[in-house]
Amino acid sequence: MGAGHNHTHSHGHGHGHGHSHAPADFGNAFLIGIILNTGFVIVEAVYGWISGSMALIADAGHNLSDVLALMLAWGASVAAKRPPSQRFTYGYKSSTILAALANAGLLLVAIGAILFETLHRIAEPAPVEGETMAIVAGIGIVINAGTAALFLRGQHDINIRGAFLHMAADALVSLGVVIAGLAILWTGNAWIDPAVSLVIVAVIAWGTWGLLKDSIAMSMLAVPKGISETDVRTYLTGLPGVAAVHDLHIWPMSTTETALTAHLIMPEGHPGDALLREIQHALDHDHGIGHSTIQIEREHHCESGC
């Protein structure tokens, strides 16, 4: 800006020290996970119908929602890497937040469908082939656990974490179905099948609540988890020459990138670019905020809404 102004902007994008907030590339993981789980959904649904197991059909329905979830998460991760345009000046980074929110919605639909059919099965019990349940679900443990492992290193990204939680929960649910199949095989009690379906619904609901809560918070531009507004404000206020801080805003640009804007009241005037670079480095390295804009003011002229 011109020399006569007391405002300056520092944009920190995390390039100065190799600390990158860009989403990692999980393209191969998504492709492998989608292929494996699509095949397993078909197998599980067919054998669930043949064996009369509501637990298998319920798990197949959940796995189908997981395939859609993986597709959404993959599409969002690809879109997030697209460059900015004149209209979308941040690019399509926030698509990862929308994908996480959509995935939570898919899980809610799956919960409703599984619960409806499970209650119907409780009211009208049907014979179940426990051996088929145990074998098919055992295959599911291997596929789901293997897919979850592909996303293990991306837990900092809620979009990738959503994919991981989907698959990890499925592995646990498949384990439950194996146990139920063996229990039915040994005892002959058909009620064990819908009972396990209810447990499956509870597991899905538990995972969905956390994902839904986090994705809604991010879509509402809440300060991301792991970042303390108080700590950031304390850091900025404690800088040499800073008398006060106002209009401090911290929000998620995507599931992996965070932005900040702040006005620093510095009566002595502009501190120089060196201090601004130091601020952007500290915000990135110490607070996980890779995109920062700092405005310097000599006096605070607060208008309505400050």
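Helices here are DSSP runs of H or I with at least four residues, strands are DSSP runs of E with at least two, and both are numbered from the N terminus. Keep in mind that this is a predicted model, where local features need pLDDT of at least 70, side-chain atom pairs count only at pLDDT 80 or more, and totals for chains, interfaces and linings use all residues. Residues are numbered from 1 along each chain as its sequence is written, and side-chain values use heavy atoms, with hydrogens and water left out.

Let's start with the sheet. It is an open one, built from three strands in the order β1-β2-β3 with mixed pairing; two strands pair if DSSP finds at least two bridges between them. β1 (244-252) and β3 (291-297) sit at the edges with a single partner strand each, so one side of each has no neighbour in the sheet. β1 runs antiparallel to β2 (residues 258-265), and seven bridges join them. One spot to look at is His-249, whose bridge partner in β2 is Thr-261.

Now for the helices. Helix α7 (residues 229-237) lies across β1 and β2, at about 140° to β1. Such angles run from 0 to 180 degrees between N-to-C directions, with axes fitted as lines to C-alpha atoms, for helices over the stretch in contact; contact means heavy atoms within 4.5 Å.

α7 also meets helix α8 (residues 273-287): their axes come within 12 Å and cross at roughly 155°. The two helices are therefore roughly antiparallel, the word for angles over 145 degrees. On the α7 side, the contact is made by Asp-231, Val-232, Tyr-235 and Leu-236, and on the α8 side by Glu-278, Ile-279, Ala-282, Leu-283 and His-287.

Note on methods
Parallel < 35°, antiparallel > 145°, perpendicular 65-115°, else oblique.
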